[in-house]
Amino acid sequence: MNVFLARQPIFDSENRVVAYEILFRNSDNNFYTGSDGDSATLDVIVNTFYSLGVEYVTGGKKAFINFTEELLKKEVATVLPPEILTIEILENIEPTSEVISACRNLKNKGYTLVLDDFVFHEKYRELIELADIIKVDFTITKGIERKKIIEKIGMNKMKFLAEKVETVEEYKEAKEYGYSYFQGYFFSKPVMLAGKDIPKNEILSIKIMKQLNSRELDYRYLENLIMSDISIYYKLLKYINSPYWGVRAEVKSIKQAIVLLGEKNLVKWLYMIIMGNINNEKPDEIVNFSLIRAKFAENICIGLHDNTELSYNAYVMGMVSLMDSILNVSMESIIEELGLPDEVNLALKGEENYLNNVLRLVSSYESGKWDEVYKYSKKVNVDFTFISQAYIDALFWSNNM
């Protein structure tokens, strides 16, 4: 599944790029075509932090992202690192007590707040006191009004960003008035970024949403649902093992990730992932194939060993084994991001161990290479008849999913 973003650099007075505004795109057309602000923001977040990766998108610099009133109140931002995320509060948001409270909470948690497309009005006074940066749209605010905004608010703690600067004269004017940051076509048009993402299973997403809306979460059931959706599984482990989360040891299982996140953060994160990148297409066949392979490998190990850790690792190995084809990236980079169990890592790298033999048995069976199936069935110590039943059971399980 193709995903798209655009980014526009933000410069300081020394012409250095200090941040990027990340813009919604849903095709290779470099202009906004969305109609739902909530979905657009969630799409931008998911693509920036999980699908493409924030290091690729911003190179470690701040990411300015628009937030709607609904997403501010839901505190969606709190599952993202304040060191990277800068929250743009849209100009159409009314400064209600609920909005002010949400912004105060975000400020207290270390997030940078920006008032977007700002036009001065006394009703915004409380928001102004919380904000770190005010963006002034130079296509809306003209002439001396660009200076008066700064005079009305003052520059003790506040920084001002001149937005949509299109000429050298406007740039010089903004610097003279005391603006600290600059953005617009004079410097750079938005640049398109594109990449691959794993399609979500819409039915499983609905089941997860129902579980999130229940009065009491069934963590075991939720874990099983996440384990059955390759897209969510991949993003959750990638998220929890990112340097911004600050976990000292690699998280190798979904159960660990759920415990570390805690109920509140887990619900917010899943809501964001499921609602972002919503599409009505069926999952790609290769995603279904990955699920069949995962269950097939798990069934073989369950049938041979009374070892839940081994069967779990076999499932994970099978599911991840085709991610390089799905995402069009190397298996080494996927292994590095996900923090998988050591036995799974070795198997996926092609080093011989028990799980690697299971993987070779499974892939040989899928390809109808019966000599190879016989060879690896001996190494795994499994009967050929049992292999066939394990595969049929995996097919039925995948269809039910």
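S311 is buried, because its relative accessibility of 8% falls under the 20% cut-off. The model is predicted. S311 sits in helix α13, which spans residues 308-320. Leaving out residues up to four places away in sequence, S311 touches E298, C301 and I302.

The largest nonpolar core has 130 residues. Those with the most contacts inside this core are I87, Y179, Y233, W269, M272 and V320. Helix α11, residues 254-275, supplies the largest share of the core, with 11 residues. Another core, of six residues, lies apart from the largest one. Its members include I10, V114, I133 and L161.

Helix packing was examined for α6 and α7. Helix α6 covers residues 145-153, and helix α7 covers residues 168-177. Their axes come within 10 Å. The axes cross at roughly 20°. The two helices are therefore roughly parallel, as the angle is under 35 degrees. The crossing of α6 past α7 is right-handed. On the α6 side, the contact is made by R146, K147 and I150. On the α7 side, E170, E173 and Y177 take part. The residues of this contact comprise four charged, two nonpolar and no polar.

Terms used:
Residues are numbered from 1 along each chain as its sequence is written. This is a predicted model: local features need pLDDT of at least 70, side-chain atom pairs count only at pLDDT 80 or more; totals for chains, interfaces and linings use all residues. Side-chain values use heavy atoms; hydrogens and water are left out. A nonpolar core is a set of buried Ala, Val, Leu, Ile, Met, Phe, Trp, Tyr and Cys residues joined through side-chain atoms within 4.5 Å. Buried means under 20% relative accessible area, exposed over 50%, partly exposed in between (1.4 Å probe, protein chains only). Helices (H or I, at least four residues) and strands (E, at least two) are DSSP runs, numbered from the N terminus. Axes are lines fitted to C-alpha atoms, for helices over the stretch in contact, and angles run from 0 to 180 degrees between N-to-C directions. Angles under 35 degrees count as roughly parallel, over 145 as roughly antiparallel, 65 to 115 as roughly perpendicular and the rest as oblique. A crossing is left-handed if the near helix is turned anticlockwise from the far one by less than a right angle, and right-handed if clockwise. Contact means heavy atoms within 4.5 Å. Ala, Val, Leu, Ile, Met, Phe, Trp, Tyr, Cys and Pro count as nonpolar, Asp, Glu, Lys and Arg as charged, and the others, Gly among them, as polar.
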